[in-house]
Amino acid sequence: MSENDLYQDYDVPHDLRFKTIDIVRMGGLKCSCVVNANCLDGLFEAPNRIIKATVELSFSVASNEILVLGKVQGQREVQCARCLKMTLQPFAEEFTESYSNKQEIIDIMYLVRQTLALSEEIRFLCKPDCKGLCPMCGQDLNVSLCKCQPENLSPFAALKGKFK
Ligand SMILES: [Zn+2]
Ligand SMILES: [Zn+2]
């Protein structure tokens with residue numbers, strides 16, 4: 001019997017709030033599950049959102065604390081800060097936390113939500129070299145170049161005519 005087989009009868013709580021006493025009694029736990037989609041709502045600022053996530057957990061019991069190593073991975077739909085296109089991206093984040101044996105519940109959902117919220121980048125890009133939109137005509141420069149002249153792109157260009 002492998003180490004994993006020992007734990008296969010354990011029902012992972014859907015809200016990821018584990019009873020400390022269960023983990024201690026089993027002497028640890030390894031498990032994985034799909035994160036309830038409702039729990040992913042609102043973690044990113046719209047229109048960015050997490051579409052799906054699964055979590056892998058490994059609990060180990062020490063003398064008076066429980067250590068958790070975890071990994072959450074899935075797919076997110078995010079808007080490119082340059083061309084505004086929505087793209088699907090895979091993501092994977094790892095986390096680690098320790099809990100006292102004395103607390104009743106180990107709230108992994110809180111930890112997962114915190115990890116996901118912190119993984120939101122200030123500027124998502126559809127690709128590292130995205131050319132973005134032309135500020136004059138709005139053309140997506142990844143698709144084709146427009147006729148706007150580079151000198152017109154200066155923010156002062158529009159003012160030029162006004163002071164003649
Ligand atoms: Zn882009
Ligand atoms: Zn243009």
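Colleague: Which helix is Met26 found in?

Modeller: Met26 is found in helix H1, residues 20–26. The general idea is that helices (H or I, at least four residues) and strands (E, at least two) are DSSP runs, numbered from the N terminus. This is a predicted model: local features need pLDDT of at least 70, side-chain atom pairs count only at pLDDT 80 or more, and totals for chains, interfaces and linings use all residues. Residues are numbered from 1 along each chain as its sequence is written, and chains are lettered from A and ligands numbered from 1 in the order in which they are written.

Colleague: Why does Met26 count as partly exposed?

Modeller: Burial is a neighbour count: a residue is buried if 20 or more other C-beta atoms lie within 10 Å of its own, exposed if 12 or fewer, and partly exposed in between, with C-beta atoms placed from the backbone. Met26 has 15 C-beta neighbours inside 10 Å, so it counts as partly exposed.

Colleague: Let's step back to the whole chain. How many helices and strands are there in the protein chain?

Modeller: The protein chain has three helices and six strands. Read from the N terminus, the order is β-α-β-β-β-β-β-α-α. Of its 164 residues, 14% are buried. For contacts, the rule is that two C-beta atoms, placed from the backbone, lie within 7 Å. Among contacts with a separation of 6 or more, 55% are between residues 24 or more positions apart.

Colleague: Now the strands, please. How many bridges join S3 to S4?

Modeller: Two strands pair if DSSP finds at least two bridges between them. Here S3 (residues 49–61) and S4 (residues 65–79) run antiparallel, joined by 12 bridges. Ser60, for instance, has Leu67 in S4 as its bridge partner. The two strands form a hairpin, with three residues between them.

Colleague: And in what sense do S4 and S5 pair?

Modeller: S4 and S5 (residues 86–100) pair in the antiparallel sense, over 15 bridges. Glu65 stands opposite Ser100 in S5, and Val72 has Glu93 as its bridge partner there. This hairpin has six residues between the strands, and Leu84 takes a positive phi near 70° in it. Leu84 is partly exposed because it has 13 C-beta neighbours inside 10 Å.

Colleague: On to the core. Which residues touch the most other members of the largest nonpolar core?

Modeller: A nonpolar core is a set of buried Ala, Val, Leu, Ile, Met, Phe, Trp, Tyr and Cys residues joined through C-beta atoms within 7 Å. The largest one has 19 residues, and Ile23, Ala53, Val55, Ile108, Val112 and Leu116 touch the most other members. S3, S4 and helix H2 (108–118) are the elements that give two or more residues to this core. The largest share, five residues, comes from S3. Leaving out residues up to four places away in sequence, Ile23 touches Phe18, Gly28, Leu29, Phe59, Val61, Ile66 and Ile106.

Colleague: How do I read the sides of a helix, and which residues of H2 are buried?

Modeller: An α-helix has 3.6 residues a turn, so residues three or four places apart point the same way. In H2, the buried residues are Ile108, Leu111, Val112 and Leu116. They lie on the same side of H2 because they cover an arc of only 130° around the axis, the arc being that of the directions from the helix axis to the C-beta atoms. On the face turned away from that buried side, H2 carries the exposed residues Ala117 and Leu118.

Colleague: What covers the buried residues of H2?

Modeller: The cover includes strand S1 (17–19), S3, S4, S5 and strand S6 (105–107).
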